[in-house]
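Please keep the sequence and the structure in view while reading.

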Amino acid sequence: MSTLSDVFLRHYRELLGFLSMRTGSRDVAQDCAQDTWIKLAEFNDRTRPDNDRAYVFRVAANIATDWHRRRTRELSATADYAAALPVAHAADTFDVASAHQTLRRLESALLAQPRRSLDVFVLHRHEGLTYRDIAERFAISVSAVEKHMMRILLCLLYTSPSPRDVEES
């Protein structure tokens with residue numbers, strides 16, 4: 001007489017296909033199959049089912065149903081949590097206008113800087129070149145590259161609104 005674990009192993013591929021259809025995922029089906037095997041291993045052999053194969057599939061179906069219920073609860077809890085989060089509000093007209101004004105001011109200040117300083121800044125910040133690479137490209141010293149960067153960074157610093165100005169608005 002074979003045990004339910006033997007029946008499980010004999011029909012494993014078929015059971016996995018069955019669980020894949022029930023859960024919609026091969027990975028989840030494998031997890032459910034493992035839980036089924038554990039449940040069958042704990043089964044007390046004193047009361048044998050009439051149809052071992054049907055019993056194994058029923059246990060697997062129950063475990064898949066439990067998985068669906070658990071997943072539904074988790075999704076519901078996630079949705080409830082998301083609903084409780086504060087809604088991000090759109091920026092009001094003043095914030096948008098202020099941001100546009102700041103961008104125009106920064107752009108004007110940058111365009112008033114020497115072309116070489118702007119090129120150095122773009123190569124370093126946007127292209128990712130090192131100061132040494134930039135110095136070689138322009139045939140200048142690393143110190144000169146540092147001075148160009150400092151010029152642009154100071155320009156941006158003095159043109160940007162201070163945190164105090166932002167708080168007051």
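## Overall fold

This is a predicted model, in which local features need pLDDT of at least 70 and side-chain atom pairs count only at pLDDT 80 or more, while totals for chains, interfaces and linings use all residues. Residues are numbered from 1 along each chain as its sequence is written, and side-chain values use heavy atoms, with hydrogens and water left out.

The chain contains 9 helices and 0 strands. Here helices (H or I, at least four residues) and strands (E, at least two) are DSSP runs, numbered from the N terminus. The pattern along the sequence is accordingly written α-α-α-α-α-α-α-α-α.

Of the 169 residues in the chain, 27% are buried. A residue is buried under 20% relative accessible area, exposed over 50%, and partly exposed in between (1.4 Å probe, protein chains only). Contact means heavy atoms within 4.5 Å. Among the contacts in the chain with a separation of 6 or more, 62% involve residues 24 or more positions apart.

## The nonpolar cores

A nonpolar core is a set of buried Ala, Val, Leu, Ile, Met, Phe, Trp, Tyr and Cys residues joined through side-chain atoms within 4.5 Å. In soluble globular proteins, nonpolar side chains tend to be buried together.

Which residues of the largest nonpolar core touch the most other members? They are Phe8, Leu15, Leu19, Cys32, Ala33, Leu40 and Val56, out of 18 residues in this core. At least two residues of the core come from each of H1, H2, helix H3 (26–41) and H4. H4 supplies the largest share, 7 residues.

A second, separate core has 14 residues, including Leu106, Val120, Ile134 and Ala135.

Ser5 belongs to helix H1 (residues 4–10). Its relative accessibility is 17%, so Ser5 counts as buried. With residues up to four places away in sequence not counted, Ser5 touches Trp37, Leu40 and Ala41.

## Salt bridges

A salt bridge is a side-chain nitrogen of Lys or Arg within 4 Å of a carboxyl oxygen of Asp or Glu. The whole structure holds 3 salt bridges, and they are listed below.

| Salt bridge | N to O distance |
|---|---|
| Glu14 and Arg53 | 2.2 Å |
| Arg69 and Asp66 | 3.7 Å |
| Arg115 and Asp119 | 3.4 Å |

Glu14 and Arg53 form a salt bridge through their side chains. Because Glu14 lies in helix H2 (residues 12–23) and Arg53 in helix H4 (residues 52–84), this pair ties together parts that are 39 residues apart in sequence. Glu14 is partly exposed at 39% relative accessible area, and Arg53 is partly exposed at 34%.

Arg69 and Asp66 both lie in helix H4, 3 residues apart, about one turn of the helix. Arg69 is exposed, with a relative accessible area of 51%, whereas Asp66 is partly exposed at 38%.

Arg115 and Asp119 both lie in helix H6, 4 residues apart, again about one turn of the helix. Arg115 is exposed at 60% relative accessible area, and Asp119 is partly exposed at 23%. An α-helix has 3.6 residues a turn, so residues three or four places apart point the same way.

## Helices H6 and H8

How do the axes of helix H6 (residues 115–125) and helix H8 (residues 142–159) cross, and within what distance do they come? The axes come within 8 Å and cross at roughly 90°. Axes are lines fitted to C-alpha atoms, for helices over the stretch in contact, and angles run from 0 to 180 degrees between N-to-C directions. H6 and H8 are therefore roughly perpendicular to each other, a term for angles of 65 to 115 degrees.

On the H6 side, the contact includes Leu118, Val120 and Phe121, and on the H8 side it includes Met149, Ile152 and Leu153. The residues of this contact divide into 8 nonpolar, 3 polar and 3 charged. In this division, Ala, Val, Leu, Ile, Met, Phe, Trp, Tyr, Cys and Pro count as nonpolar, Asp, Glu, Lys and Arg as charged, and the others, Gly among them, as polar.

Within H6, the buried residues are Ser117, Leu118, Val120, Phe121 and Leu123. These buried residues pack against helix H5 (93–111), helix H7 (131–138) and H8.

Terms used. Angles under 35 degrees count as roughly parallel, over 145 as roughly antiparallel, 65 to 115 as roughly perpendicular and the rest as oblique.
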